[in-house]
Amino acid sequence: MPDRWIRRLVLAGVYLFAVTANADSLRPETPRFGYRILASYPHDPSAFTQGLIYVDGQLFEGTGHYYGQSSLRRVDLETGRIEQEIRLSPRLFGEGITLWRNRLIQLTWREHLAIVYDRDSFARLETFRYEGEGWGLTHDERHWIMSDGTQVLRFIDPDSHRVVRRLSVLDQGRPVRDLNELEYIQGEVWANLWKRDLIARIDPETGAVRSYLDLSGLAPAGLSREAVLNGIAYDATNGRLFVTGKYWPRLYQIEVVPR
């Protein structure tokens with residue numbers, strides 16, 4: 001190839017790179033918010049928190065980690081005391097939870113099995129199966145919304161247990177992976193991002209990340225690498241937001257503020 005053609009190709013490549021880089025620099029950054037701690041409560045430091053919900057004055061928590069240590073609990077918010085608990089089979093690894101019509105639903109990690117409990121007695125009512133891994137679970141009063149550690153959220157019909165919609169979560173067109181514990185708050189799906197101090201606030205219609213809640217610095221000092229942020233609960237009656245993490249000794253009520 002003649003030298004003049006080589007020079008033209010090189011210049012064309014440099015120009016294309018410059019245009020692409022300039023377009024990326026002009027793309028507006030997804031907003032990030034900070035937090036203010038309003039209250040701090042005791043939390044079981046042995047709890048590998050996988051799911052957290054607050055409904056009608058009651059705090060429920062699903063735990064996982066080692067097989068044989070997974071549980072579903074009702075916990076006293078003020079003291080952190082376990083008021084009621086049921087242990088999962090040693091063959092099951094507990095994951096996210098949600099409440100639906102006085103029934104608690106708990107996912108399992110790789111066993112493709114969800115367990116349905118009576119809210120008051122914790123009696124096991126039924127189970128159903130699903131494809132893939134189970135991570136986080138919430139609902140929008142129409143469908144259960146489930147994460148599996150990828151960038152995809154599954155919307156599940158509560159009656160048939162079938163997936164009716166899959167939604168890819170994107171930030172400025174880029175996939176947002178490692179979606180973990182979920183909570184539906186005022187028309188948005190809030191998702192912990194595994195091993196990051198971020199909660200993504202997701203548009204449930206488009207999958208676009210509207211903003212992030214940056215919780216850097218919230219985790220208590222001296223924790224292990226496994227003690228990552230994971231646990232979002234919203235008190236819809238009083239507008240209170242609670243967060244915690246795996247093995248955290250504290251559970252926090254926080255307020256979202258501008259960074």
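**View 1. Y41, Y54 and F242 come together in one aromatic cluster.** This is a predicted model, and the count of aromatic pairs in it comes to ten. Take Y54 and F242: their ring centres lie 5.3 Å apart with the planes at 40°, so this pair is tilted. The two partners come from distant parts of the chain, Y54 from strand β2 (residues 49-55) and F242 from strand β21, 188 residues apart. Y54 is buried, with a relative accessible area of 10%, and F242 is buried too, at 0%.

**View 2. The rings of F93 and W109 form a tilted pair.** Here the centres are 4.8 Å apart and the planes meet at 55°. Both residues sit in loops: F93 between β5 (82-87) and β6 (94-100), W109 between β7 (103-108) and β8 (113-118), with 16 residues separating them. F93 is buried, and its relative accessible area is 8%.

**View 3. T244 is a buried residue of strand β21.** The strand spans residues 240-245, and the relative accessible area of T244 is 0%. Look for the polar atom of the T244 side chain that lies 2.9 Å from the backbone oxygen of R250. Leaving aside residues up to four places away in sequence, T244 touches H43, T49, L52, L229, N230, G231, R250 and L251.

**View 4. The model has one cavity of 30 Å³ or more.**

Note on methods: Residues are numbered from 1 along each chain as its sequence is written. This is a predicted model: local features need pLDDT of at least 70, side-chain atom pairs count only at pLDDT 80 or more; totals for chains, interfaces and linings use all residues. Side-chain values use heavy atoms; hydrogens and water are left out. On a 1 Å grid over the protein atoms alone, a cavity is a set of points where a 1.4 Å probe fits but cannot get out, and a pocket is an open set with protein on both sides within 12 Å along at least five of seven lines; lining residues have an atom within 4 Å of a point. Grid points are joined across faces, edges and corners, and a volume is the space filled by probe spheres set on the points. Helices (H or I, at least four residues) and strands (E, at least two) are DSSP runs, numbered from the N terminus. Buried means under 20% relative accessible area, exposed over 50%, partly exposed in between (1.4 Å probe, protein chains only). A polar contact is a pair of N or O atoms within 3.5 Å; within protein, one must be able to donate a hydrogen and the other to accept it, and residues adjacent in sequence count only if both atoms are side-chain atoms. Contact means heavy atoms within 4.5 Å. Rings of Phe, Tyr and Trp (its six-membered ring) pair if their centres lie within 6.5 Å; planes under 30 degrees apart count as stacked, over 60 as edge-to-face and the rest as tilted.
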